[in-house]
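Trainee: I would like to check the labels on this model against their definitions. Can we go through them one by one?

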Amino acid sequence: MAKSKHKAVGVDIGGTGVKAALVDVHSGELLSDRVKVPTPAGGEPDAIRDAVVELVGRLDIEETTPIGVTFPAIVRHGRTMSAANVSKAWIGLEAEQLFERALGRDIHFVNDADAAGFAEDHYGAAKDASGLVIMTTLGTGIGGALIYNGTLIPNAELGHLEVDGHDAETRASNRAREREELSWEVWAQRLQRYYSHLEFLFSPDLFVVGGGVSKSADLFLPLLDLQTPIVPAMLRNNAGIIGAAALARGV
């Protein structure tokens, strides 16, 4: 049985769904079933706030249990500075305060890719890594996280690096692969350009590749020729929840 000091709630807000669970931040394992609701149509702040309150209310937690919340945006000092697949009303919003007022307690509010990267670094594919770990999520866009010796460097918008005159995510995301019906081999050529560029800029010690397509990692990662080891993520759809909970607990 996990001790109270090891328990925290993670809430992961995405463009299509909002999900939450109680987490043992010592082991990185879920202590409850994952509860989920569809992201409210339009992704308006008040509607998403209410969805989060509903989910947290369905979890059996103490009043003192910390809560971490992820969001698909640049997060600066609790304020959302961008909005991906949700309402533009989030841009410039004091989002952390919005949730804290509704939940009646302090929370830890963090970018979704940062939370996933932190989880992979502490409990998943990069658990035993040292130095600089770069986590990228290949999905609708390309999310990114930088973790240096266990410390998160927040808001690395790695999908917006320019490669061949384009935002990388417009060319190398999984959505681009599906939209253009690219073969694994052709897509891997684009990924090669992207990850080679990241290597040049950051000299990382490990790449971790997440997103749903990471389930097919054996079809494209072996096609890449990099100096840096590159491995698929391990925590799948729970990474954001686990990372948010761990950051809320101050792991």
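Mentor: What follows takes a few labels and sets each against its cut-off. This is a predicted model, where local features need pLDDT of at least 70, side-chain atom pairs count only at pLDDT 80 or more, and totals for chains, interfaces and linings use all residues. Residues are numbered from 1 along each chain as its sequence is written, and side-chain values use heavy atoms, with hydrogens and water left out.

Trainee: Why is D12 called buried?

Mentor: Buried means under 20% relative accessible area, exposed over 50%, partly exposed in between (1.4 Å probe, protein chains only). D12 has 10% relative accessibility, so D12 counts as buried.

Trainee: What makes the D12 and T70 side chains a polar contact?

Mentor: A polar contact is a pair of N or O atoms within 3.5 Å; within protein, one must be able to donate a hydrogen and the other to accept it, and residues adjacent in sequence count only if both atoms are side-chain atoms. The D12 and T70 side chains are joined at 2.4 Å.

Trainee: Which residues does D12 touch, leaving out those up to four places away in sequence?

Mentor: They are G17, V18, K19, T70, D112, G240 and I241. Contact means heavy atoms within 4.5 Å.

Trainee: What makes β1 a strand, and why is it called largely enclosed?

Mentor: Helices (H or I, at least four residues) and strands (E, at least two) are DSSP runs, numbered from the N terminus. β1 covers residues 7–13, D12 among them. Seven of its seven residues are buried, so β1 is largely enclosed by the rest of the structure. K7, V9, V11 and I13 point one way, and A8, G10 and D12 the other.

Trainee: How do you know that β1 pairs with β2?

Mentor: Two strands pair if DSSP finds at least two bridges between them. β1 and β2 (residues 17–24) have seven, and run antiparallel. D12 has K19 as its bridge partner in β2. Three residues lie between the two strands of this hairpin. β5 (residues 67–71) also passes: four bridges join β5 to β1, in the parallel sense.

Trainee: What makes helix α7 mostly covered?

Mentor: Nine of the 11 residues in α7 (residues 239–249) are buried. Among them are G240 and I241.

Trainee: Why are β11 and β15 edge strands?

Mentor: The open sheet has the order β11-β10-β9-β14-β15, with mixed pairing. β11 (151–153) and β15 (230–232) each have a single partner strand, so one side of each is left without a neighbour in the sheet.
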